[in-house]
Amino acid sequence: MSKEQLLAEIREANMTYLMLAQNLIRQDKAEALFRLGMSEEAAEMISALSPAQIMRIASTNMLLCRFRVDDDMVWNLLTNHSATKVDNDATTKLHASILMAGRFAEAV
Amino acid sequence: MATQKSVLNDSKQVERAVSLIQLGARLQVLESETDLSYERLLRLYKEVAGRSPSKGQLPFSTEWFLTWQPNIHASLFQNTYEYLTKVSAMEDIDAIMAAYRLYTEQIAACGVEPLLSITRAWRLVKFIDNNMLSMTKCSKCGGHFVSEAYENSRHFECGLCAPPARAGKGSAAGGILLH
């Protein structure tokens with residue numbers, strides 16, 4: 001893949017992300033804060049962006065959305081390489097959901 | 001001041017009551033969370049739900065939240081609720097409703113039946129506010145789980161890291177399974 005192509009893909013991903021975020025925030029702000037894992041201030045800033053601004057922000061060499069699972073425990077649960085004795089797909093997913101929801105609550 | 005009539009406030013209250021009824025809340029929750037009169041709430045309930053509200057007392061025990069399956073459901077809800085109250089300045093009851101919607105969504109994604117009703121979820125928040133229950137960090141996975149009020153966090157292990165002997169062995173559809 002050429003460099004131009006890579007940059008174009010990053011721009012596209014950024015654009016999709018920002019547009020989705022705007023949609024989520026405008027539809028239901030409280031839910032969006034949880035889904036996106038961002039603060040109210042950040043959400044307000046994103047929802048106020050105009051299409052032209054989104055285009056400008058998206059055209060960069062960095063991805064704007066960040067990886068959210070930064071924790072071995074949650075990662076193991078999600079990928080099912082679990083260290084725990086529980087061996088049920090739905091249950092490990094549930095466990096991961098509890099941990100993730102708790103992590104965001106801790107982080108803020 | 002408190003009893004000043006405001007049409008705007010009134011419509012907000014009605015709207016909130018309607019959302020609560022749609023989520024399946026009991027009448028006692030509505031009475032406590034809105035300023036509307038009992039008669040109006042009753043009429044509203046019949047109109048929205050199409051039936052009379054259930055009678056009788058609310059489930060009152062804190063024990064239910066500590067049994068294995070309900071505890072997992074309650075913990076998922078409470079973590080979501082605490083996140084919402086931390087990141088945004090919404091009123092408690094609105095946060096409860098938003099967290100409850102997210103909870104049912106997450107539970108459905110895991111293929112499990114929602115065990116927690118909105119009324120129970122509301123009770124849970126009240127119990128924790130009044131120090132009758134609390135959230136304790138599991139010493140193994142680090143997640144926060146609903147527990148007794150003065151649980152020793154040093155040795156606390158959650159129901160998913162250390163399930164009780166016979167937990168999750170049943171075959172009831174929609175339950176949390178461990179096999």
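A charge sits over a ring when NZ of Lys or CZ of Arg is within 6 Å of the ring centre and within 35 degrees of the ring normal. B:Arg120 does this here: its charged end sits over the ring of B:Trp64, 4.0 Å from the centre. B:Trp64 also belongs to an aromatic cluster with B:Phe65 and B:Phe127.

A quick word on the ground rules. This is a predicted model, where local features need pLDDT of at least 70 and side-chain atom pairs count only at pLDDT 80 or more, while totals for chains, interfaces and linings use all residues. Residues are numbered from 1 along each chain as its sequence is written, chains are lettered from A and ligands numbered from 1 in the order in which they are written, and side-chain values use heavy atoms, leaving out hydrogens and water.

Now the ring pairs. Rings of Phe, Tyr and Trp (its six-membered ring) pair if their centres lie within 6.5 Å; planes under 30 degrees apart are stacked, over 60 edge-to-face, and the rest tilted.

| Pair | Centre to centre | Plane angle | Type |
|---|---|---|---|
| A:Phe67 and A:Trp75 | 5.6 Å | 80° | edge-to-face |
| B:Tyr100 and B:Tyr103 | 5.7 Å | 40° | tilted |

As for accessibility, buried means under 20% relative accessible area, exposed over 50%, and partly exposed in between (1.4 Å probe, protein chains only). A:Phe67 is exposed at 56%, and A:Trp75 is partly exposed at 40%. In chain B, B:Tyr100 is buried at 8% and B:Tyr103 is buried at 0%.
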